Amino acid sequence: MCEFEITGGRPLAGRLAVQGAKNSVLPILAAAVLAPGESVIHNCPDLTDVAATLDILRLLGCTVAREGDTVQVDASRVRCGCVPEKLMGGMRSSVVFLGALLSRCGGAELSYPGGCELGPRPIDLHLMALRTLGVKVSEEGGQVVCRGDGMRGEQICLSIPSVGATENAMLAACGCPGVTTIVGAAREPEIEDLQSFLRAMGARIEGAGSPVIRIEGGAPLHPAEHTVIGDRIAAATYLCAAGAAGGCVTLTGVDPGHLTAVLSVLREAGADIQTTPGSVSILCAAPLYGVRPVRTAPHPGFPTDAQAPLMAALCCGTGATMFVENMFLSRYRHVGELTRMGADIQVDGRVAVVTGRPLHAARVRGSDLRGAAALVVAALAARGVSRLSGVNHILRGYQDLDGNLRALGAQIYPV
Ligand code: EPZ
């Protein structure tokens with residue numbers, strides 16, 4: 001599949017079960033390394049980032065099997081070694097293997113992680129956290145080499161509530177004798193889901209979802225069975241698609257409590273949103289209108305990953321909205337492509353001002369995961385037939401996006 005052909009103007013209607021959360025399952029799969037034996041992970045989405053993580057697990061000596069959305073990982077014979085660049089380069093989340101391998105093996109070596117080009121993606125907080133636990137970290141020729149002999153529980157203070165650094169610290173602390181406290185921890189639902197899995201493995205860990213997480217490390221862990229939470233960002237994307245194209249869509253398998261900031265903005269923009277404990281329904285009978293400034297922030301603030309899909313939906317609405325992207329330096333790469341569709345977006349540094357207007361079809365290219373999804377959202381509302389290249393970015397984080405949208409009535413086909 002190299003491109004999508006999208007014919008805009010069709011409202012969406014129907015019911016869709018949301019995939020398991022990419023940003024939850026990736027650290028959970030890494031955490032399976034912590035204990036010998038077979039862990040079973042349910043609601044595991046079929047994504048290229050998941051496939052890459054399973055390849056890393058196999059390279060480390062794990063036996064991996066998949067039956068539908070259930071993945072079995074047997075980490076009995078983990079070979080503690082180096083994760084090569086070819087497996088690390090494409091994906092940011094692979095950096096959490098540092099913490100997992102330090103816990104299991106007392107050492108870890110991997111090349112600097114890759115991932116979406118959203119601006120600088122430093123790992124200084126990850127390495128600070130590990131050094132605080134007594135890990136000897138050296139950076140040699142693009143490789144990060146960690147030696148964990150003598151690791152001890154400590155207090156880790158994160159200056160930014162980094163999701164990945166919080167996850168790395170949690171995983172490393174599980175293998176650290178003593179008490180570790182992570183202060184300034186990220187509060188994302190994916191952090192809570194990782195804690196749930198670690199507790200199922202026998203870890204003594206509490207506080208996820210709050211800024212302070214406490215781990216009593218060193219206890220032997222055992223494999224566990226876990227069901228991954230629904231993907232709140234995929235859900236936000238489908239909601240924005242309905243906001244752009246109009247219609248009535250119900251999403252199941254997602255906790256609306258994980259989406260409060262997004263639902264609040266969509267309601268302000270005129271969407272009728274109804275929720276139950278496991279579902280979100282959206283009814284959009286008219287184009288969305290402009291809202292108060294949308295400022296991305298760590299959870300429970302407005303998620304940076306939903307910024308591009310929401311921008312796309314508001315581009316084809318009415319009225320003006322100011323976005324402030326506070327999390328990443330270069331997360332407006334979809335703006336140029338949206339303007340090719342006639343969008344009116346003025347960018348100045350971290351600020352983007354969108355003025356809604358009808359869009360027209362165009363040939364556009366996605367250059368990162370959420371930006372590419374945003375172009376799909378816009379094309380669903382644009383007049384005419386659009387062509388989207390860069391679909392490989394979408395396959396990293398969305399399971400069967402085109403198939404799901406077709407099931408909701410969209411005219412989107414791989415070509
Ligand atoms: C996670 O990335 C997500 N990825 C991202 O989703 C998400 O956008 C991000 O969290 C913020 O919510 C995964 O979970 C796999 P951070 P992560 O560390 O952990 C700075 C998607 O589209 N920082 O919370 O890499 C960093 O530069 C992806 O699914 C440091 O300065 O994000 C950024 O400005 C994109 N030093 C801010 O913190 C560090 O050591 C937040 O980054 C680490 C981070």
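Between domain 1 and domain 2 the count is 2 salt bridges, where a salt bridge is a side-chain nitrogen of Lys or Arg within 4 Å of a carboxyl oxygen of Asp or Glu. Before going on, the ground rules. This is a predicted model, in which local features need pLDDT of at least 70 and side-chain atom pairs count only at pLDDT 80 or more, while totals for chains, interfaces and linings use all residues. Residues are numbered from 1 along each chain as its sequence is written, and side-chain values use heavy atoms, with hydrogens and water left out.

Where are the two domains? Domain 1 is 3–18 + 230–414, and domain 2 is 22–225; such bounds come from an automatic or database domain assignment. Their C-alpha centres lie 30 Å apart. Domain 1 brings 21 residues to the contact and domain 2 brings 23 residues, with contact meaning heavy atoms within 4.5 Å.

Together the domains bury about 1,800 Å², and 53% of that is on carbon and sulfur atoms. Buried area here is the accessible area (1.4 Å probe) that two parts lose on being put together, summed over both. Which three residues supply more than any other three of the area that domain 1 buries against domain 2? They are H299, R396 and Q399, with 34%.

There are also 7 residue pairs in polar contact between the domains, both residues at pLDDT 80 or more. A polar contact is a pair of N or O atoms within 3.5 Å; within protein, one must be able to donate a hydrogen and the other to accept it, and residues adjacent in sequence count only if both atoms are side-chain atoms. On the domain 1 side, helix 12 and helix 13 (391–397) each supply at least two residues that touch domain 2. Helix 13 gives the most, with 3 residues. Helices (H or I, at least four residues) and strands (E, at least two) are DSSP runs, numbered from the N terminus.

Now to an open sheet of 4 strands, in the order 22-23-1-24, with mixed pairing. Two strands pair if DSSP finds at least two bridges between them. Strand 22 (363–365) and strand 24 (411–414) are at the edges with a single partner strand each, so one side of each has no neighbour in the sheet. Neighbouring strands are turned by 20 degrees against each other on average, direction ignored. For angles, axes are lines fitted to C-alpha atoms, for helices over the stretch in contact, and angles run from 0 to 180 degrees between N-to-C directions.

In this sheet, strand 1 (residues 3–7) pairs with strand 23 (residues 385–389) in the antiparallel sense, over 5 bridges. T7 is opposite V385 in strand 23. A salt bridge also links R387 to E3, with the closest N and O atoms 2.8 Å apart. R387 is in strand 23 and E3 is in strand 1, so to speak distant parts of the chain, 384 residues apart. Helix 12 (residues 369–381) lies across strand 1, strand 22, strand 23 and strand 24, at about 25 degrees to strand 1.

Strand 3 and strand 5 (residues 70–74) run antiparallel and are joined by 4 bridges, with I41 opposite V71 in strand 5.

Strand 16 (residues 272–276) and strand 17 (residues 279–284) form an antiparallel pair over 5 bridges. The hairpin between them runs through 2 residues, and I273 is opposite I282 in strand 17.

Back to H299: the peptide bond from H299 to P300 is cis, with omega near 10 degrees. P300 is in the loop between strand 18 (294–295) and helix 10 (307–315).

N43 is not a glycine, yet has a positive phi of about 60 degrees. The loop that holds N43 is between strand 3 (38–42) and helix 2 (48–59).
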